[in-house]
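Dear colleague,

I am handing over the structure below.

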Amino acid sequence: MPATNFEEWMETITYQCKHVVSWNDRTDRLVRMDFSKENNRWNDEVTRDEHLFKEKVEHFLLQEQAIYGIGGYNELRAIYAVSEVFGKHAEEPRRLHIGMDIWGRAGTTVFAPLKGSIHSFAFNNRYGDYGATIILKHVFTSCTFYTLYGHLCLNDLAGIQEGDVIESGQAFAHFGDLCENGHWPPHLHFQIIKDMQGMKGDYPGVCKQSEAAFYLKNCPNPDLILQMMPFAIIAK
């Protein structure tokens with residue numbers, strides 16, 4: 001299914017999608033979080049120290065009186081220079097974020113937006129990686145696609161198996177803390193994937209700029225499901 005057709009089709013099932021995290025669009029405040037190179041708020045001094053980074057994110061959300069921070073799709077970021085996972089010494093390192101991040105508290109519950117089954121899962125335990133990761137497969141008459149949930153609690157992987165059915169709106173995971181989520185401040189990396197390309201338990205959430213056309217087509221805007229960005233305010 002061509003990218004535009006997929007996105008048009010997704011818009012026809014938006015009404016079926018449940019919230020991936022619990023929030024109320026009338027009472028809960030969301031704030032946009034910008035990790036692009038142009039935003040000096042998240043400089044190297046902050047992001048190279050995982051504990052300071054976590055503290056600063058928590059303070060930022062508190063200051064903005066926001067339940068979650070959100071953003072990052074198709075965002076060119078400098079923060080990936082902290083990890084070899086993104087090829088920091090490569091001629092062209094990976095820097096373009098192709099999922100959407102929801103920043104919040106460790107332990108925040110994650111829900112399935114649509115009925116699916118567990119395609120695969122893994123503990124991607126490298127510094128800067130996803131940490132605990134679950135990928136769901138969603139099958140419709142006219143389309144099959146996948147959703148990836150990264151930076152989860154390690155306990156979420158216990159007792160699950162590939163093929164397990166996850167109902168729409170079912171709680172199945174939680175935001176992980178530093179030691180289990182790739183050493184990032186607690187957040188969920190959420191990504192739509194049309195073709196897993198044979199991968200299991202992992203799929204790139206950050207790509208090279210030279211590969212952007214392919215990955216942005218294969219991983220369309222996650223807000224097609226989340227429907228959160230229109231409610232997010234711009235930080236002070």
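E64 is buried, at a relative accessible area of 1% (buried means under 20% relative accessible area, exposed over 50%, and partly exposed in between, with a 1.4 Å probe and protein chains only). This is a predicted model, in which local features need pLDDT of at least 70 and side-chain atom pairs count only at pLDDT 80 or more, while totals for chains, interfaces and linings use all residues. Residues are numbered from 1 along each chain as its sequence is written, and side-chain values use heavy atoms, with hydrogens and water left out.

The partner of E64 in a salt bridge is R29, with 3.8 Å between the closest N and O atoms (the term requires a side-chain nitrogen of Lys or Arg within 4 Å of a carboxyl oxygen of Asp or Glu). E64 sits in the loop between α3 (50-63) and β2 (68-71), and R29 in the loop between α1 (3-13) and β1 (30-32), so this pair ties together parts that are 35 residues apart in sequence. Helices (H or I, at least four residues) and strands (E, at least two) are DSSP runs, numbered from the N terminus. R29 is partly exposed, with a relative accessible area of 33%.

Over the whole structure, the search finds 6 salt bridges. Another of them joins K200 and E162, whose closest N and O atoms are 2.9 Å apart. K200 belongs to the loop between β12 (187-193) and β13, and E162 to the loop between β9 (144-152) and β10 (165-166), so the pair links parts 38 residues apart in sequence. K200 counts as exposed at 52% relative accessibility, and E162 is partly exposed at 44%.

Salt bridges with shared partners also connect E75, R77 and D101 into one network.

The antiparallel pairing of β3 with β4 (residues 96-97) runs over 2 bridges. L76 has L96 in β4 as its bridge partner.

Regards

Note on methods. Pairing = 2+ DSSP bridges.
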